[in-house]
Structure formats: C-alpha cells, structure tokens
Amino acid sequence: MVPAPEMSHEFAAAAEPHRRELLVHCYQLLGSVHEAQDLVQETMVRAWRAYEYFDPDMASIRTWLYRISTNACLNALESRARRPLPSGVGQPFDDPDAAFVPGFEVPWLQPIPDRLLGSTPQDPAVLAAERSGLRLALVAALQLLPAKQRAALILRDVLGFSPERSPTCSM
C-alpha cells in the first residue's frame, strides 16, 4: 500500500534526519558500508510503507526506525550465514578431509568513509567521541559476537537505549 502524498512528505520530514545515524548503526552491525547503505534504504522503504501505522504514543520515530533497521540487519546477517563467501576471500583448503578451523578474520569488514558521515561537528572533542564508536577495531570486535548480542550491545551501550525501551524485537 502506497501512503498518501501528504503522508509521504510528513514521513520524509520525520525520518530523513535519522538517516546518517541509521547508516552508522547498520554499519556497526554489518561491518560493510555497502550492505549498511542498502539496509538503510530498505529501512526507509519499510518505514514509509508502514508509516500510517506508526503510533507516536508507542515510540518515537527514532526508536521505531531503529527497530526496523535492526530487524533488517538481523535478517541480513541470518541470510549471510547461509551464503557462501566469494572465491578468493578465505584461505584455500589443501586437504578437503581436514577439520574446519574457524578463523576470527572478518573478510567483508571495511572502514566507513568520512564522507558518508555527513556534516561533522567542528569541535575536535565531539568529532573524536563520535568517531570512537566507528573505529575499525571496535567494529571488527563486534562482528565476532552473535548477531542478536551485537544488536543488543550497540543499542544499549553505544546508542544509550535502556532495556525497557529497546527497539529490538524478538531478542
């Protein structure tokens, strides 16, 4: 169902200010800039389609968008687990009968370019604090957690959501 034009404008005005932080959130969950961009777009489409059902008495638009993006990321991570990696990403197997030894490398991990973060504050202290949550080492460490634990950690500790008002579902 396509929302009415006036509702589309209302949605855009309410949701667009959250796009950059949703990109950062999806990036922290996925470790891939390209996948994060795709899932932010998917989040916006899902939210736009469901906007007529959004109830501001139940949650803020920010919380609602985070819930949608977190679920989209968890679904993507679940399907990623079933998807084979592209050739050339992992180490070749010399002995097909050898036991599988999982590695801790994250082959798809990439740093997020500064240009995708939009306008950055001029205060160096604010800029350093904002970027500290996006350091490649932190994002790499997050990738080692199971998907739901990763989402819970990011939502609670990095974004400051309380457990009572957590936008995640089915945790």
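Predicted model: local features only at pLDDT ≥ 70, side-chain atom pairs only at ≥ 80, totals over all residues.
How many disulfides does the rule give here, if a disulfide is a pair of cysteine sulfur atoms within 2.5 Å? The count comes to zero disulfides. Cys26 is in no disulfide, and the nearest cysteine sulfur, that of Cys73, lies 3.3 Å away.

Residues are numbered from 1 along each chain as its sequence is written, and side-chain values use heavy atoms, with hydrogens and water left out.

Back to the cysteines. Cys26 has a relative accessible area of 0%, so it counts as buried (under 20% relative accessible area; exposed is over 50%, partly exposed in between, with a 1.4 Å probe and protein chains only). Cys73 is buried too, with a relative accessible area of 0%.

Now find His25, in helix α2 (residues 19-30); helices here are DSSP runs of H or I with at least four residues, numbered from the N terminus. His25 is buried because its relative accessibility is 0%. Its side chain makes a polar contact with the side chain of Thr70 at 2.8 Å. Such a contact is a pair of N or O atoms within 3.5 Å; within protein, one must be able to donate a hydrogen and the other to accept it, and residues adjacent in sequence count only if both atoms are side-chain atoms.

Finally, helix α3 (residues 33-50) has buried residues including Val33, Leu39, Val40 and Met44.

Definitions and conventions. Helix = DSSP H or I, 4+ residues; strand = E, 2+ residues; numbered from the N terminus. Disulfide = S-S within 2.5 Å.
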